[in-house]
Amino acid sequence: LLELTEVQAGTARVRKTTFPLAPMLHECAELYQYVAEDHEATIDVRCGSVNIHADRNRLKRAIANLIDNALKYSDKKARIVLAAEELNSEVIISVEDNGWGIPTSDREKIWERLYRGDASRSSQGMGLGLSFVKSIVELHGGHIEMKNRVDRGTIFEISIPIPSNSI
């Protein structure tokens, strides 16, 4: 909660470096490997030689949060795909699942601090995750978009700009 407050207030320190994204995505997948196995789920990473200029630790926590949500809101044997690519001077990172999707009535509210939709009330959490993810992405000058497929899953797509001096 403290970190979210700092990020949203603009007082958080950002330590950006340029690093290859694939190893970090694999680390995120490994963090959730045991949880995925308990759910009989798979986490696939699809990322070539994409570099990103970002605060590695903060971005890793944001992606981990999206993986955590994907596992929480999917049935057993879920398939989660982490992917990244460079496109039009941005790095696009996506977290896709084949879970329940997000009901239309919740779509605009999911980014609000402490909001929990009906489907999430029976699971652990405080409703801070997506608000935190959005704040981290915006701290990097990027944006996040949710592509909903009710009863077929959700895709969260993070776009982080590539600094003009590195193009």
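Student: At what angle do helix H4 and helix H5 pack, and how far apart are their axes?

Tutor: This is a predicted model, where local features need pLDDT of at least 70, side-chain atom pairs count only at pLDDT 80 or more, and totals for chains, interfaces and linings use all residues. Residues are numbered from 1 along each chain as its sequence is written, and side-chain values use heavy atoms, with hydrogens and water left out. Helices are DSSP runs (H or I, at least four residues), numbered from the N terminus. Axes are lines fitted to C-alpha atoms, for helices over the stretch in contact, and angles run from 0 to 180 degrees between N-to-C directions. H4 (residues 56–72) and H5 (residues 129–139) pack at about 145°, their axes 9 Å apart.

Student: Which residues make the contact?

Tutor: Contact means heavy atoms within 4.5 Å. H4 contributes residues including Leu59, Ala62 and Leu66, and H5 residues including Phe132, Val133 and Ile136.

Student: Which residues of H2 are buried?

Tutor: An α-helix has 3.6 residues a turn, so residues three or four places apart point the same way. Buried means under 20% relative accessible area and exposed over 50%, with partly exposed in between (1.4 Å probe, protein chains only). In H2 (residues 21–31), Leu21, Ala22, Met24, Leu25, Cys28 and Ala29 are buried. These residues lie on the same side of H2 because they cover an arc of only 165° around the axis, taken from the directions from the helix axis to the C-beta atoms.

Student: What does the face turned away from the buried side carry?

Tutor: That face of H2 carries the exposed Glu30 and Leu31.

Key:
Helices (H or I, at least four residues) and strands (E, at least two) are DSSP runs, numbered from the N terminus.
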